[in-house]
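Thanks for coming, everyone. Have a look at the model on the screen, and I'll walk you through it.

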Amino acid sequence: MPKPPTAVQPSGPTNWALIVRLFGLAWRYRLHCLGVLGIQLVLLTMGLLGLNFTGVGIDYIRQKVAAQTLPPGSHPLVAGTSIFHFALPGSWPAMKVLGLLGGMILGLAVCRAVLNYIYTVSVNILVQQKLVVDLRGVVYDKLQRLSFRFFDANNTGSIITRVTSDVQSVRMFVDQVLIQSLIMVISLVLYVVYMSSLSPGLTAACLATTPLLWLMSMGFSRRIQPDYARNRTLVERMVQMLAESVQGIAVTKGFGREEEDRARFAAANDAVLTQQHGIFWRLSLFTPSVGFITRINMMVLLGYGGWLVAHGRLPLGTGLVVFAGLLDQFSGQVNNVANIVNSIQQSLIGARRVFEILDAPIEVKSAPDAVSRPRLEGSVRFENVSFTYAGPGPAGGPPDEPVLRDINLDVTPGQCVAILGATGAGKSVLMGLIPRFYDVTAGRLLVDGIDVRRLRVDDLRRNIGLVFQDNFLFSNTVAANIAFGHPDATQAQIERAARIAAAHDFILGLPKGYETVLGESGNTLSGGQRQRLAIARAVLLEPAILLLDDPTAAIDSETEHEIFDALDRAIKGRTTFIVAHRLSTLRRADFIVVMADGRIVQRGTHEELMRVPGPYLQVADLQLVDNLMLQSNGPPDPLLP
Amino acid sequence: MSHPAKNASLTLIRNVRDEDYDEEQFKPLEWGLLRRLFSYAAPVRRKLRVLIVLSTIRSMQLPALVLVATLIIAGPITSGNMRGLALGVGGYLLLALWTDGMFHFRQRFALEIGETVVNGLRADIFAKMQRQPMSFFHRTKIGRVISRVTSDVEAMRVGIQDVLFVSMIQFGQMVFTAVAMAWIDPILFVVVVAMAPILWTVNNHFRMRFSRLSRASQESFSRVTATLAESVNGIRVTQGFVRQETNSGLFRSLLADHSRYNMDLARASAILAPLLDLNSQFFVAVLLVFGGWRVLHGGMAAGDLVKFFFLSNFFFSPITVIGNQYNQALVAMAGAERVFHLIDTPPDWEDDPSACDLPRSAGTGAQVEFRRVSFGYAPGRLVLHDIDFTAGPGMSVALVGHTGSGKTSIINLVSKFYLPTQGEVRVDGLEIRAITSKSLHRQMGLVPQQNFLFSGTVLENIRMSRPEASEDEVRDVAARLDCLDLIEALPRGLRTEVGEHGSGLSVGQRQLVCFARALLADPRIVVLDEATSSIDALTEARLQKALVTLLKGRTSFIVAHRLSTIRHADLVLVLDQGRIVERGTHDQLLVAGGHYAALHRQFVQMDDLPPS
C-alpha cells in the first residue's frame, strides 16, 4: 500500500540519549577496553613503586651519612627504609643496597617501557583497526543506500565530514572520554590514597587548590570554545574568498576591479587578526594563572612539608621527594579534565551527525515478499501518480508542494517517449520514479504490469539504463567506467557497448585506449565524449528500459550531432524516456509529453502537437523561426512569433 | 613500508595522487629565508624586541625556581631552620609571581607576532598573485594556492611564534641548569652531560621517522577521502547501477589499508615515549648508585644529591623540546620557500610603464582591430594564426567554430588577458600594449562562460562591476534587461544569497545576473562566452531579448553557440584550427555554401526540419 515516506525528525535526540547510545557502542569493545585499563593500572602501580625506590634510596643515603657524622644521642632521622613493608637488608654493605635499589629502578623502568609500548599499541589497535574502520564502514555502507533526498538536502562536504572527522569524534568518546576518565579516576584515587598514607594533612593542603583548578579550566574551555568556533568560521571565510577570487579571476580582471577584490580579502584577513587578539588575551591570562596555582602547591609542599620534615614527622626521600613527584603527575591528570570535557562536547556533536545517517530510514527497499524478475519486458504505466517531497524540498524550496500531480501514462515495450517542460516542471522526478529513486506518494507505477514497490529493487534497477544530464564518471579507467554496473564484464562486452555508443573510435585514440585513467592530467574528455561513455555504461547492461535525462544539455550545439548516432542505436528495441529541449531530439520520439507544474499538459506525436496551438507549438516555433529564417534568408525577425 | 591495497585490480577510483605530496617536507635553515620571514614582523618590531628580552629572562627564571626549591630542601628543611624556611618559601612565592606574571606577556606577544606575520604573508600572497596575468592562473592549480595560504603559512607561524622563543628559553634553561649542576658537583654533572647526546640522537631519529610515516598515512587518507567524495558525487550512478555492495567492499579494504599506515605510525610513537622515560629512569638509577657512592665515600653532601634529582629533569627535558622545535623549523623553512617562491614569481608581463588610459568616449562602442595577430599559450605552439579583422564601433562579432578552433583565444586577446605573440591588437586605434589594463577593463563588460558568481547577494554580484552604483541603478539595469521580475521573484529578491558557484540559481538566472553585471558597467566593449548548456525554451527567449539590450550600441565579441545569436551578429568569423576561414554575415555565409553552411547543417539538423 502506498505509504508516505516518513519525514526526517528536525529535532535530534537529547544529549543523554546520545551518551547512552555511545556507551552502547563502547560496550561492544568492552574486553579490549578492560585490557587497556588493566595495563594502565599496572603501569601506575609500577610508577609509584619506582618513585618510592628513589625516595628510599635518598633516605638510605641520608641515614648512612647521619650515622657517620651525627653525634650519638641526637634524635634519629625519620626515614622510610622499607619498601611496602619489606625491610631493606640492614646487614648488607651500603653500596650493595644502593646497587640493588638502582637495579630495581632500572628493571622496573624496562618493564614499564615494554608495558607502555603494549599499551599504546593496543589503544591504537582498538581505535585505528577496530573502532574507526568499523564505524566508517558502517556509515559508508548506509550512505550508499540512502535515498536521493538525503543527497539533495546535504552538500558533499558535509557528507564527507561525517565519514571522516565526525567518525573520529565519535570514537573519541571511547578512547578519549571513557578510557581517559577511568584512567584519571583510577590514578587520582591511587595518588591520593598513597599520598594520604604518607601524610593526610600534607595531602589535603597540597590538593586544596585542585577544585579551583578544575573550575578554572572548565570555565575557560567553555568560554573559549565559541571564540575558537568563530575563529574557524572567519578563517574558512578568508580561505573561501581566496579560492573564489582565483576561480573568478577573469571576472575581477575583466571589470578592472582588482583593488576592490583586494580590499574584500584584506577585510576578511584582518577580521581573523582582530578576533584572534581576544583569544590571545584570554589564553595569556589563563595559562599563567594555572601555572601559578600549580606553583602554589609546590610552595605549600615546601613550607608545610618542610616543617614536617624538619620536625621529624615526614621522611625527606620517601616523603617530600616522592610527594613532589606525585604532585607533578597529579596536576597533569587535573589538567586532563578540561580535555575530557572538550572531548565529550566534540564527540556529542560528531555522534549526532553520525547517528543521523545511521538512523536515516532507507526509504526505498525491497518488500519482504518482493517479486523477482531478472528480465523485464519494459512496459511502463503511470496510474494517477502524484509525488510530493516530504519536508523541505531540495534547495530549501517550499514543503509539501506536489512536484507531480495525477500523471497517467502508458508506454509499451520498445516505445520512445520524449518529455518537454521548463525547469522545475517535474521531468527528472517523473523519470526518477521508474527506478524507484523516489517512491510515488499517490497512485501507482507499474513496470511489466507489476507495481514497482513489489519488485525487487535490484532487479528493477538492473533492467534500467541511466544517462544523466551531467554524467558522473569515476576517476578510473575507461573500461572500468563502462563496466561500472557489471564489474565482471569481458573486454568484448565492453567494446560492444562502446561501439553501440559510438565511443569505440575515440577511446582507441586515447593514450592508453580502454586502460586510460580518466581525470589524470590531460585525460579530460569533451562533453560529447563523456556522454557517449555514459551511454556505453548504460547499454552494457542490455537494459529493457532506458532513461535519458537531457543527455545533450552539457554539449555544444556543434558537437551535439556526435551523440545522435549513439542515441539512435541505444534507443533501438528499448522502452526509452528522454528529457529534451531541442526539436532535433524531440522528433526522434514515438510520442511526446509536455509537462508544466507537475502535470502533463499535452501529449501526442510531433506532427499531432504541431497542429494544435499550445505550449509545444510555442516552443517549437521559437526554434523553427531560426530554421525557417535560414531557408528564406529573410531579415531577422523579433524572437517571438 | 608500503602496503599495497589488497584489491589492486578492482578499485573504485584510480588516480588520487595529490601533487602536494611531491613537495618537500623539510628544508635546511637558511639565513636569507629567516631574515625575510622576520621582516614580516616589522609592524610589531617593539614587541619582538621585548619578547627576546622576556625569553632570556624566562630561561633563567625556570631553573631559578627549582634551584630555590632545592636550596630550601637542602638548607632550612634539613637543618630545621624555621625562619630560613619561611624566608625561603616567601622568596619562592615572589619568584613564582614574577615568573608567571611575565609569562602573560611572553605568551601574548609571541601569539600576536605570529598572527601579524601570518596576516602580512596572506595579504602579500594575495596581492602579488592578483598582479599576475591570466597565464599564471591558467597553469596554477587552486589547491596549491590554498595550501600556500593555509598549511605553509601556518608552518611559518609556528616557526616564528614558537621555534625561536621556545628554543631560546629551553636552551637557556639547559645552560643555566648545567651551570648550577656544575657548581653543585662537577663530577656528577659530567655523568649527566654524557647522556645528553644519546637522548638527542634517539629523539631526532624518531622525529624523522614520524614525519615520513605520517606523510604516508596522510597519503593513504587522501585515497579514502577521494574515494568518499566520488562515492557521494556519483551516488546516482551507484544506486542506478546497483553497485552499493561492491563499493562498500572496496571501501572497507581501503579503510583497512589506511589503518595499517596508522598502526605503523602508532608503533613508532609507542617506542619513542617509553624510550625517553626509560632514559630518565636510567639516570635516576645512576644518580642513586654513583651519587650515593660519592656521598658515602667522596664527601658530597646528601643535600646536593637531592638538588641533582630535581635539576636533572630541567637539563634533559629541553633536549627533546629543542629537537622537536628544530624539526618544526625545517618544516617552516620548506613552507617559507614555497610561499616566497609564489610571491616572487615574476609576472609573465605587466602593463608598459608608458601605457596610458584609454579615453572614454561615452555612448559609442570602441573600434577593435586585429592586425596579423598570431598567438600561442605556450611558446612554439600557436593557436591563432594571422588573424586580421576590424570591428567598427557598435559592431557585434560572432566567433564560430569547433572546440579548440581559437574562439576563446580571440576574446582573451580583446580582453588583454593575454598579449599577442605577433601582430597588433588595436582599440580605438591605440595598440593594446599602450593602454593600461585597468582603463580598458573599466570599459568592458564580461560575461564568462560558466556564469561565475561570487558568494554574496545578487545585488553584490551585480554591483561588482561598479561598486559605487546605487541600488536603484541596479534595479534600473535589471529592468532594462527585462529581468527585474525574475530577480524579485527570488526568495529574497536582490538580497538573495548565491552560494558557491552561484548555486541556488538556475543556469538562466545566473546568466541574467551576469548580463546585469556587465550592463551596469555601461561598457563600450562586451565580451561574452555563451553558455553551452541548453536552457529551457522560455527562459532562453528572455535571455535572447536581454542580450539584444546588452549589446545595443556596444562593440561585442561573442563566442556563439546559439543560432539566434549568430544570426544577429554584424560579422561572423568562422574559425578553424586557429585561422579565420570565412567571414561575413550569417546570410552571406549561408549563400557562400562553405564551411559555415556545413557547420550550420549539423547545427540545426536540416533533415529534421518539417516540410513547411
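First, a term: two residues are in contact if their C-beta atoms, placed from the backbone, lie within 7 Å. This is a predicted model, so local features need pLDDT of at least 70, side-chain atom pairs count only at pLDDT 80 or more, and totals for chains, interfaces and linings use all residues. Residues are numbered from 1 along each chain as its sequence is written, while chains are lettered from A and ligands numbered from 1 in the order in which they are written.

Domains next. Chain A splits into domain 1 (17-198 + 342-362), domain 2 (200-313) and domain 3 (380-604). Those bounds come from an automatic or database domain assignment. How many residues of domain 1 of chain A are in contact with domain 3 of chain A? There are 5, and they meet 4 residues of domain 3. On the domain 1 side, that gives 2 nonpolar, 1 polar and 2 charged. Here Ala, Val, Leu, Ile, Met, Phe, Trp, Tyr, Cys and Pro count as nonpolar, Asp, Glu, Lys and Arg as charged, and the others, Gly among them, as polar.

Now the chain contact. Chain A puts in 137 residues and chain B 135 residues. Helix α9 (residues 258-310) of chain A gives the most to the chain A side, with 29 residues. That side of chain A divides into 71 nonpolar, 42 polar and 24 charged.

On to secondary structure. Chain A has 20 helices and 12 strands. Helices (H or I, at least four residues) and strands (E, at least two) are DSSP runs, numbered from the N terminus.

One sheet to look at. It is open, with 4 strands in the order β4-β3-β6-β7 (chain A) and antiparallel pairing. β4 (402-411) and β7 (450-451) of chain A are at the edges, each with a single partner strand, so one side of each has no neighbour in the sheet. Strands pair if DSSP finds at least two bridges between them. Strand β3 (residues 380-388) of chain A is joined to β4(A) by 6 bridges. A:F387 has A:L404 in β4(A) as its bridge partner.

Last, burial. Buried means 20 or more other C-beta atoms within 10 Å of a residue's own, exposed means 12 or fewer, and partly exposed is in between; C-beta atoms are placed from the backbone. Of the 641 residues of chain A, 43% count as buried. Is A:G24 buried or exposed? A:G24 counts as exposed, because it has 9 C-beta neighbours inside 10 Å. A:G24 lies in helix α1 (residues 15-27) of chain A.
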